[in-house]
Amino acid sequence: MADAGLTPSGLAADQTLLAWLEHLAHERRLSPRTLEAYGHIGRHYVAFLERHRGGPQTLSDLGAVTAAEVRAHLAERRSGDRPLNARSLSQTLAAIRGFHVFLDRRCATPAPQLALVRGPRVKPSLPRPVTEDQAMGLLHEPEADPDAEPWEAARDRAVLTLLYGCGLRISEALSLKRSDAPLPDTLRITGKGDKMRLAPVLPQVREAVDAYLALQPFVLEADQPLFRAKRGGALSPRHVQATVQRLRGRLGLPASATPHALRHSFATHLLGAGADLRSIQELLGHASLSTTQKYTQVDAARLLAAYADAHPRARRP
């Protein structure tokens with residue numbers, strides 16, 4: 001990591017930031033989207049220190065950061081042109097901590113004052129799934145669009161069916177290649193952090209993908225993306241998000257009805273049908289069971305709501 005003409009302690013802060021991002025990309029294998037977010041946070045942080053201290057910063061300067069300076073940076077992010085909420089501030093502090101952990105372990109430059117900074121309290125958010133009827137509505141609505149080409153409607157239905165039927169993330173569904181179809185009984189999916197998992201494929205999911213393949217107009221090579229945009233390029237996540245936004249408007253669904261809500265619904269509906277948490281954890285590719293346990297709270301909330309709505313003694317006069 002040394003640079004010509006500089007001692008390690010004299011390395012420019014932006015060089016250390018670049019080294020950290022390369023570490024996250026090549027060793028931790030974080031997603032491009034996560035890397036972009038961490039890079040944005042890191043650049044804001046270094047720029048703040050340069051303004052606050054009146055000049056370019058070095059590795060040694062970063063190690064001397066004080067708790068007051070970090071708190072001042074968080075306060076600036078909270079009240080700037082684009083103020084961050086408590087959750088985003090907590091993520092910002094977590095990224096800054098991660099940056100300094102890297103500097104401590106790889107560059108022998110600890111920042112002991114950082115341990116004195118506490119992040120904002122964040123109320124844990126619960127997944128917001130859609131109901132089974134709403135999920136079915138989203139899956140069937142593309143084919144009711146009179147303006148869509150038949151193959152495009154079949155494509156959108158196939159993608160949404162994968163999200164709900166297999167519990168995939170958008171990126172995972174769009175990473176499928178032509179060679180993956182016809183879909184096997186189980187898909188081998190590479191998720192976050194290169195974590196591999198098996199996703200069982202329902203007959204309805206396979207049929208939806210087969211219907212798309214039968215209608216799509218392109219000649220696809222085995223190693224090319226399975227799902228294509230109108231002009232033949234790879235389908236983008238933004239298209240899927242915009243499609244669901246349009247569909248939920250036609251169906252009168254809330255803004256919480258997103259593509260990722262279909263993945264949440266996959267887990268919640270499995271849990272409601274009696275699946276155990278460990279199995280759902282494996283199907284979703286969660287590294288920690290605590291992440292999956294959020295779905296038990298969702299299911300319990302729905303159970304209590306149904307009880308309050310249906311039980312005669314639960315009604316208030």
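## Terms and overall make-up

Helices (H or I, at least four residues) and strands (E, at least two) are taken here as DSSP runs, numbered from the N terminus. This is a predicted model, in which local features need pLDDT of at least 70 and side-chain atom pairs count only at pLDDT 80 or more, while totals for chains, interfaces and linings use all residues. Residues are numbered from 1 along each chain as its sequence is written, and side-chain values use heavy atoms, with hydrogens and water left out.

The chain has 14 helices and two strands. Of its 317 residues, 40% are buried, where buried means under 20% relative accessible area, exposed over 50%, and partly exposed in between (1.4 Å probe, protein chains only). Among contacts (heavy atoms within 4.5 Å) between residues at least 6 apart in sequence, 61% join residues at least 24 apart.

## The largest pocket

A pocket is found on a 1 Å grid over the protein atoms alone, as an open set of points where a 1.4 Å probe fits, with protein on both sides within 12 Å along at least five of seven lines; lining residues have an atom within 4 Å of a point. Grid points are joined across faces, edges and corners, and a volume is the space filled by probe spheres set on the points.

The largest pocket has a volume of about 2500 Å³. Its lining counts 49 residues, and those closest to the centre are Arg33, Thr34, Arg169, Lys192 and His260. Two or more lining residues come from each of helix 2 (32-53), helix 5, helix 8 (170-174), helix 10 (237-251), helix 11 (259-272) and helix 14 (294-310), and helix 2 gives the largest share, with eight residues. By class, this lining holds 14 nonpolar, 21 polar and 14 charged residues, where Ala, Val, Leu, Ile, Met, Phe, Trp, Tyr, Cys and Pro count as nonpolar, Asp, Glu, Lys and Arg as charged, and the others, Gly among them, as polar.

## The second largest pocket

The second largest pocket has a volume of about 500 Å³, and 24 residues line it, with Tyr164, Gly165, Leu202, Gln204 and Val205 nearest its centre. Helix 6 (132-140), helix 7 (150-166), helix 9 (203-215) and helix 11 each give two or more residues to this lining, the largest share being the seven residues of helix 7. The lining divides into 16 nonpolar, five polar and three charged residues.

## Helix 6 against helix 7

The axes of helix 6 and helix 7, which are lines fitted to C-alpha atoms over the stretch in contact, with angles running from 0 to 180 degrees between N-to-C directions, come within 8 Å and cross at roughly 155°. The two helices are therefore roughly antiparallel to each other, a label given to angles over 145 degrees.

On the side of helix 6, Glu132, Ala135, Met136, Leu138, Leu139 and His140 meet Arg157, Leu160, Thr161 and Tyr164 in helix 7. This contact has six nonpolar, two polar and two charged residues.

## Two buried residues

Histidine 100 has its place in helix 5 (residues 86-107) and is buried, with a relative accessible area of 4%. Leaving aside residues up to four places away in sequence, histidine 100 touches Tyr45, Leu62, Val65, Thr109, Ala111 and Leu114.

Glycine 191 lies in the loop between strand 1 (186-190) and strand 2 (196-200), and its relative accessible area of 17% makes it buried as well. With residues up to four places away in sequence not counted, glycine 191 touches Arg169, Glu172 and Arg197. Glycine 191 and arginine 169 are 22 residues apart in sequence and 8.3 Å apart in space, C-alpha to C-alpha.

Terms used. Parallel < 35°, antiparallel > 145°, perpendicular 65-115°, else oblique.
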